[in-house]
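Colleague: Hi! Could you walk me through this model? I have a few quick questions.

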Amino acid sequence: MTVAEVRARARDLADVQDARWLSTTYEYNSLNEAYRDIYEAISQTNEDYFLTPLVYTWSQGTKSANSNNEYFFTLPSDFYKVRTVDFKVAGRWIDMARFTLRQRDGAGADPLYRTQNKTLWIIVPPPNWTGADIRIYYYPTPKTFDESIDDTSIIPYPTSLAPELLAYSMATDYKRRQGLPTDTLESRKSELWSRYTETLKRDDGKYEVIQNVYTSRSPWR
């Protein structure tokens, strides 16, 4: 759905088409708040729809002035949250684990990471780590909408439920501001949230389910 369609749907649900208090600025503020809620739900469930890749060469890192095994890489200006970090060995990407606070003064056989003050904080194995390319997949800062955006532009979302959820969230906001009952809208919004979060579930780290399919030659399945 477009920005205009979501705004129109929210007005229709709240029955406030001619309300003078509902300014365009207020509508966009309400839309942005609802969109941020959906975006946060997406990032918390590790949905990959919005992910952006970035590769650092080891020379882009800055060595810590206080430690021989700590390096810092500047995160992009649109960084919101990290999803995965990998390091390259012999042309192959290997998953980099996030270190716990108890591990911050030492490291094992592989480099480890955390994020700190808009930087990627890497602890490397002592004593002769030679460095490696580092790849991150991260969530960029969620998009914001305002009057400068074309109303015909499509709102980015991973499932068809998102625009309806946006509209119900905005309509609930409109009703609440007028001091009117929101029970019906809240109930429907809760149903949509439940269905929406189900679509975002992932089985990370699990094997694919065996299918009821047979082949005539090896490997059998």
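Modeller: Happy to. The axes of helix α1 (residues 3–14) and α2 come within 11 Å and cross at roughly 100 degrees. That makes α1 roughly perpendicular to α2 (65 to 115 degrees counts as such). Axes here are lines fitted to C-alpha atoms, for helices over the stretch in contact, and angles run from 0 to 180 degrees between N-to-C directions.

Colleague: Which residues make the contact of α1 and α2?

Modeller: On α1, Val3, Val6, Arg7 and Arg11; on α2, Thr24, Glu27, Tyr28 and Leu31. Contact means heavy atoms within 4.5 Å. Those residues divide into four nonpolar, one polar and three charged.

Colleague: Before I go on, what should I know about the model?

Modeller: It is predicted, so local features need pLDDT of at least 70 and side-chain atom pairs count only at pLDDT 80 or more, while totals for chains, interfaces and linings use all residues. Residues are numbered from 1 along each chain as its sequence is written, and side-chain values use heavy atoms, with hydrogens and water left out. Helices (H or I, at least four residues) and strands (E, at least two) are DSSP runs, numbered from the N terminus.

Colleague: Thanks! Which residues touch the most other members of the largest nonpolar core?

Modeller: Leu31, Phe145, Ile155, Leu166, Tyr174 and Tyr196, out of 33 residues in that core. A nonpolar core is a set of buried Ala, Val, Leu, Ile, Met, Phe, Trp, Tyr and Cys residues joined through side-chain atoms within 4.5 Å; buried means under 20% relative accessible area, exposed over 50%, partly exposed in between (1.4 Å probe, protein chains only).

Colleague: And which helix gives the most to this core?

Modeller: α3 (161–177), with nine residues.

Methods. Angles under 35 degrees count as roughly parallel, over 145 as roughly antiparallel, 65 to 115 as roughly perpendicular and the rest as oblique. Ala, Val, Leu, Ile, Met, Phe, Trp, Tyr, Cys and Pro count as nonpolar, Asp, Glu, Lys and Arg as charged, and the others, Gly among them, as polar.
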